[in-house]
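Good morning, and thank you for making time for this item. I would ask you to look at the sequence and the model on the screen while I go through a few selected features.

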Amino acid sequence: INKMSTVNMEDVNSIYSVIDTMPNSIKELISPFMDMEEIKNITIFLVFLYVLSAIFNYIQSYSLTTVSNRFANKLRDSISKKINRLPLKYFDTHETGDVLSRITNDVDTVAMNLNNSLATLVTSITMFLGSLFMMLITNWIMALVAVASCMLGLFFMSIIFCNF
């Protein structure tokens, strides 16, 4: 105890040098111990989580891209049908570039924004439900207080915004 009380606790090298001068029975009690088997298990679990996350991210991006592309195709079909029904007078009063821009660029922009918005929506809902679940598991009383205070805050905020 006297040896350790004189050691500068900020300097790791001095701590280990004092520990090395102690008898083995004391050294085993106070020297740091790393359970390499537990570190290996944690590493394997983390790698599994990262691979699982990558798989789910791929599935999410693939499915949301498919949904947004199908929506864009339906939108293009609807625009094509609408343009075929328009009278020729419409094309005389509007520029060709404006009509083509609406057909191509605007539909692509809508599809891209839909893809990004859906991805954000899915991620946000998953994070919200996961956080709520973990809060309920950790301490259900504090979770209910947090949810109630959020609802109360939303209620008062809606009153303030509706009055302005």
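Let me begin with the rule for aromatic pairs: rings of Phe, Tyr and Trp, the last by its six-membered ring, form a pair if their centres lie within 6.5 Å, and a pair counts as stacked when the planes are under 30 degrees apart, as edge-to-face when they are over 60, and as tilted otherwise. In this model, which is a predicted one, the rule gives a count of 3 aromatic pairs. One of them is formed by Tyr58 and Tyr62, whose ring centres are 6.2 Å apart with the planes at 20°, so this pair is stacked. How far apart are Tyr58 and Tyr62 in helix 4? They are separated by 4 residues, or about one helical turn, in this helix, which covers residues 36-85. As a general point, an α-helix has 3.6 residues a turn, so residues three or four places apart point the same way. Tyr58 and Tyr62 are both exposed.

A word on confidence. The chain has a mean pLDDT of 87, with 98% of its residues at 70 or more. Among the elements, the lowest mean, 74, belongs to helix 1 (residues 2-5), and the highest, 93, to helix 7 (residues 140-163). Where pLDDT is low, the predicted coordinates should not be read in detail.

I turn now to the largest pocket, which holds about 270 Å³ of space. Which residues line the largest pocket? The lining consists of Ser53, Phe56, Asn57, Gln60, Val122, Thr123, Thr126 and Met127. Helix 4 and helix 6 (96-138) are the elements that contribute two or more residues to this lining. Sorted by class, the lining has 5 polar and 3 nonpolar residues, and no charged ones.

Next, helix 2, residues 12-20. Its buried residues are Ser14, Ile15, Val18 and Ile19. These residues cover an arc of only 135° around the axis, and therefore lie on the same side of helix 2. On the face turned away from that buried side, helix 2 carries the exposed residues Asn13 and Asp20.

Finally, two individual residues. Ala119 is located in helix 6. With a relative accessible area of 23%, Ala119 is partly exposed. The C-alpha atoms of Ala119 and Ile59 are separated by 11 Å, while these residues are 60 apart along the chain. Ile79 belongs to helix 4.

Conventions
Residues are numbered from 1 along each chain as its sequence is written. This is a predicted model: local features need pLDDT of at least 70, side-chain atom pairs count only at pLDDT 80 or more; totals for chains, interfaces and linings use all residues. Side-chain values use heavy atoms; hydrogens and water are left out. pLDDT is the predictor's confidence in each residue, from 0 to 100. Buried means under 20% relative accessible area, exposed over 50%, partly exposed in between (1.4 Å probe, protein chains only). On a 1 Å grid over the protein atoms alone, a cavity is a set of points where a 1.4 Å probe fits but cannot get out, and a pocket is an open set with protein on both sides within 12 Å along at least five of seven lines; lining residues have an atom within 4 Å of a point. Grid points are joined across faces, edges and corners, and a volume is the space filled by probe spheres set on the points. Ala, Val, Leu, Ile, Met, Phe, Trp, Tyr, Cys and Pro count as nonpolar, Asp, Glu, Lys and Arg as charged, and the others, Gly among them, as polar. The arc is that of the directions from the helix axis to the C-beta atoms.
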